[in-house]
Amino acid sequence: MRNRLHFITDDFLLQSDFARELYHNYAKKLPVLDYHCHLSPEAIVENRKYRNCTEVWLYGDHYKWRAMRTLGINEEYITGSATDQAKFTQWSTTVPYTVRNPLYQWTHLELQRYFGIEELLSEDNAEEVYRKTSDMLQQESHHTQGLLQQMNVEVVCTTDDPTDSLASHKKAVQQKSSLQLLPTFRPDKAYATQNVRLYQKYLERLGDVSGVQISSYADLIISLERRIDYFHTHGGRLSDHGLEQLSYFDMGTYDIEHLFAKIHQGQTLSPEEQKYYTFETLVHLCKSYQKHGWVQQFHLGALRNTNERMLQKLGPDTGFDSIGDFSQARALSGFLNLLDHDDQLAKTILYNLNPSDNEVLATMIGNYNDGSIKGKMQFGSAWWFLDQKDGMEKQLNTLSNMGMLSCFVGMLTDSRSFLSFPRHEYFRRILCNLIGTDIENGELPTDIDWLGKVVSDICYYNAKTYFDF
């Protein structure tokens, strides 16, 4: 087995002396503010211990699942009934074939950072690696809180439905840990009217937790306001929305109470009515976010659940989504302008999934920066299919060309895995290499102190100020 010390070294991805100096002296040791992820808050407060590496590394990771399916591995070894060790072996067999996919670098970076494993993972050493990692996961240092401490994580913002009790976030406060565990308000289900029966059930649940009998649209807005207040009381300072695109209408294009009444009676709204219902609900929500001083996030451009057969078999979020090609600019501008008109536009992060829209979003944020807050409008970190070297470089270069990279709030994991935090290191190395290459090429001055400050700001300090955790 070839040792991989010559692959992921201390200078991995750093191609110049300037890049190495920026990373090692200005970026490497900074804490991590993970302001958007899908980690389980329950697992954090319980300081959960995982039985083996499959549990913590493969469960829920549709990046890995897609690769295994592509290699022709049976679903039994992915989401099926095979043993955890058998699933790990099949993943180990897959890894050598992921060469040039970011999974190849992430996998070996994670094995080295958390477990000190220096060998390239393959079928040949799968059993040994499975045993070693599983043994280490029994140690306190490799329970959930220990894993976060190893990566110097200071803040974790989870993604939470408005109906969530936030019980785990309350417990985290009582634990008085150095780690801040904060909720993020994700109200996608509050306007998901496509399936009327499911939506009606959701309204019942929302009404129960908010203490509002939701029999009108006005009641819905009151209940959501109460939940925003509740999240705010328990440390919530962010919202998040996953949308194909933002829609824009003239207010009052449809009678919103009439649309709600149709839903209440079990009638399905037309596609345009559904879009309007989402639009008006988002307007109300965004005005509330601004009133509370929150940051609002919009993840745009995913085409979800494209394989109906597998959706029926496995459910959503199982690896059958892709980049969508939705029109973004005009409606996005109309929506933001509506809020900005009365100075009710909150701090906003726009995440783009289609790289062909990078310039659209990077220029859009400049339209609504008003001098009130540094970097009020943010072109968010490369997301999902784009959170790899090429995608990150394109996002960073587009932001540099069209906006101000120095005001960027940096990286996040957007992950369900406690082993995903080396992605922050991965991002920091890529950032330092880009700036180091510019210095090497004579495109930036050799002012390492100044450029080091810019790097440090992007990696940590800009987010620290922007979110005011």
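In what follows, a residue is buried if it has under 20% relative accessible area, exposed if over 50%, and partly exposed in between (1.4 Å probe, protein chains only). Helices (H or I, at least four residues) and strands (E, at least two) are DSSP runs, numbered from the N terminus.

The model here is predicted, with local features needing pLDDT of at least 70 and side-chain atom pairs counting only at pLDDT 80 or more, while totals for chains, interfaces and linings use all residues. Residues are numbered from 1 along each chain as its sequence is written, and side-chain values use heavy atoms, leaving out hydrogens and water.

Let's start with strand E9. Six of its six residues (347-352) are buried, so the rest of the structure largely encloses E9. In a regular strand, side chains alternate between the two faces of the sheet. Both faces of E9 are covered: Lys-347, Ile-349 and Tyr-351 are buried on one side, and Thr-348, Leu-350 and Asn-352 on the other.

Strands count as paired if DSSP finds at least two bridges between them.

| Partner of E9 | Sense | Bridges |
|---|---|---|
| E6 (residues 295-300) | parallel | six bridges |
| E10 (residues 377-379) | parallel | three bridges |

Over at E10, Met-377 sits opposite Thr-348.

Elsewhere, His-143 lies in the loop between helix H7 (126-136) and helix H8 (144-150). His-143 is buried, with a relative accessible area of 9%. Leaving aside residues up to four places away in sequence, His-143 touches Asn-47, Arg-48, Lys-49, Leu-137 and Gln-138, where contact means heavy atoms within 4.5 Å.
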